[in-house]
Amino acid sequence: MSLRRLALAAGLALALTPAFAQNNPLGALNSILNAVQQQPGKAAPSNPLGALLAPAQQPAVATQPGGIDFMALLSQDGPIDEAKEIEIGRQLAAVLLGSKPMHGDAALQRYVNQLGRWIALQTSRPLLPWTFTVLDDPGFNAFAAPGGYVFITSGLVERVDEAELAGILAHEITHVTERHHLQALRTKARAGAVTQLIGSQIRTSAVGSLVSQQVLAMARNLYSSGLDQQDEFDADRQGVVFAARAGFDPYGLPGVLQQLRGQAPDDPLFALSLSTHPPAQQRLDALASAMGNRLDAFTARPVVRIDQRVARARR
Amino acid sequence: MRMRFGGALLALACLVAGGAVHAQAQPQAQEETVVVRRATEVREQPGESRSLASLQAEASVTRLADRQGPWVRVRTGAGVVGWVHLFDLGTAGSAGATSSGGGASGLFRGVTRLFGKSPTTSASNNATIGIRGLGAEDLAQAQPDTAAVSRMEALRVTEPQARQFAREAGLAAQTVSPLPAPVQPTSSNPGAQQ
C-alpha cells in the first residue's frame, strides 16, 4: 500500500463531498494528514472501491493505538459509524457519571433497564446496546448520550408514575435514535478554534483511550446548555408514539410537562432541566398540535406506581 | 374477629404506605391555578361523560393532582369538581397567546424568547439553597468516570429479558403511526445559539 494511493483515496473523499472542504478546511487538512500518516497494512482500504463508497470512515479518521481521534471524527461531514457513535456516547456517559453517582438500588436499576429496553424495542434502532441508569440525585432531570446511554435522576423517578417515566425515557430514547447529541457535538466541533482542534489531536495521541480534554469540555458544555430546541420538540412528538407502541398511556409525557409547567425556573431541583428545555407550556402546545386526539385510543391504562413494579423486581 | 383485625391492620398499613408515597410525591402533586384555553365542559368522569358545568375561555380553575390519560381533575371557581382535557388547560401567561393565535404561533413566539436567554444563569442561584439537583457546576467539576460506565453497562438487559418483563407487566406492543411533523418556520434556527 503506497502513500500515493492513500493520498489519492483521501483526495477522492474530498472530491465526493464538496461541502466538506468549504465548511471545514481544517478537517479536510486533518483527513489528508491522517490518511497519509497511516502505516502500510494498518486499517488502510485494500479495495479502492471501499474508499469510494465510504470516504468518511476509512481514510479520514486514523484509529490511533489508544483510541479514536474524536475531534477529527466530529469535524468531518461523513456518517459516523455505529461503533464510533457508541464510543463517543461512552465518553459522554463517563462525564455524566463523574458528576453524579449511580443510585445504589439494584432492583430499581434493573427495572429501569427492562422498561427502557422494552420501549427502545419499539424504535428504529432496537439493537443498539441500550444502557439505562438512575443517577443518585434529588433533581428532576434526564439525559441521553449517543449509542444508547440514558440517564434519569432518582428525584424524577420518585415523582412520576410508570406511564410518565415511560414518556420521559421515550423522549430520551428519541434523542439517541435521531442522533441529536451527535449533531450538537458536530456543530460544536466545527465551531471550535483551530488551535483547540490541534491541541486536542496532541492530547488524544498522548493519553490514548482516556477522555480527551476537548471531549470533556464539549460534554460539560453540551449537558449544561442543552440541545437544539427543535430536537426537544421532535423528541416529545416521537416519544409519545414510542410510549404508546410499548403499551403505555401516551399522555404520560404531557402529564409530566403539566407538572413541570408549575415549577419556578430557579427551583434548584428543576433549574437545569428547565433551562435546557423549551418552556413546558410550549412543549404542551406543540404536543397538542401533533397529537390532537390521534392517540386517545391508547389511553385506557391503569395507573401503575413505580414502587409496585420495583417491589416485584426485588422478589 | 381475627380476620377483621388483620384486615384493619392491612388497611392501616396501606394507609401508612399510601401516605408515605403521597408525601414523597407532594412537590409534584401540589395544586396549580391554570387557565382554560378554549370554552369547554367540566365532565363528571374522565372522557366525554355528563357535563357538570361549562367553562369559558380564560376562566381560572384549580388543577388537582389526578390525571387519567388526557383527563385531569379540576375545581372551578364555583366549587364544581370534575374532569377536563389536559390540552384545554394552560398557564395564566399563555392564555392570551392561545386565544389570539393557537399552538403554532405560540410556539413561534416562544422561540424568539429563547434566543434572548442565557441557558445557565439559573444555576447560579443554587448555592443559597440546601437541596439542589445536578447542575452546571457539577458538570463543570466532573471528572470522567469510565469505571462507572462499565458498571452501568453490566446492568444492560437483553431483548428477550425486556420482552419477558413486558409480558409479565401486561404490556403488549401496539401499532401506532408516527405523528406528523409540524411545518417549520424557515428563517429560524434555534441551534445557532450553540
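Guide: This is a predicted model. In chain A, 3 strands form an open sheet in the order E3-E5-E4, and their pairing is mixed.

Visitor: Which are the edge strands?

Guide: They are strand E3 (131–135) and strand E4 (142–145) of chain A, each of which pairs on one side only.

Visitor: And by how much are neighbouring strands turned against each other on average?

Guide: The average for this sheet is 15°, with direction ignored.

Visitor: In which sense do E3(A) and strand E5 of chain A pair, parallel or antiparallel?

Guide: E3(A) pairs with strand E5 (residues 149–153) of chain A in the parallel sense, over 5 bridges.

Visitor: Which residue in E5(A) stands opposite Phe132(A)?

Guide: That residue is Val150(A).

Visitor: What lies across E3 and E5 of chain A?

Guide: Helix H7 of chain A, residues 106–120, lies across both strands and runs at about 140° to E3(A).

Visitor: Now the contact between the chains. How many residues does it take from each chain?

Guide: The contact takes 86 residues from chain A and 67 residues from chain B.

Visitor: Which elements of chain B give two or more residues to the side that touches chain A?

Guide: They are helix H1 (2–29), helix H3 (103–115), helix H4 (136–141), helix H5 (146–153) and helix H6 (159–168) of chain B.

Visitor: Which one gives the most?

Guide: H3(B) does, with 7 residues.

Visitor: How do the residues on that side of chain B divide into nonpolar, polar and charged?

Guide: On the side of chain B that touches chain A, 37 residues are nonpolar, 21 are polar and 9 are charged.

Terms used: Residues are numbered from 1 along each chain as its sequence is written. Chains are lettered from A and ligands numbered from 1 in the order in which they are written. This is a predicted model: local features need pLDDT of at least 70, side-chain atom pairs count only at pLDDT 80 or more; totals for chains, interfaces and linings use all residues. Two residues are in contact if their C-beta atoms, placed from the backbone, lie within 7 Å. Helices (H or I, at least four residues) and strands (E, at least two) are DSSP runs, numbered from the N terminus. Ala, Val, Leu, Ile, Met, Phe, Trp, Tyr, Cys and Pro count as nonpolar, Asp, Glu, Lys and Arg as charged, and the others, Gly among them, as polar. Two strands pair if DSSP finds at least two bridges between them. Axes are lines fitted to C-alpha atoms, for helices over the stretch in contact, and angles run from 0 to 180 degrees between N-to-C directions.
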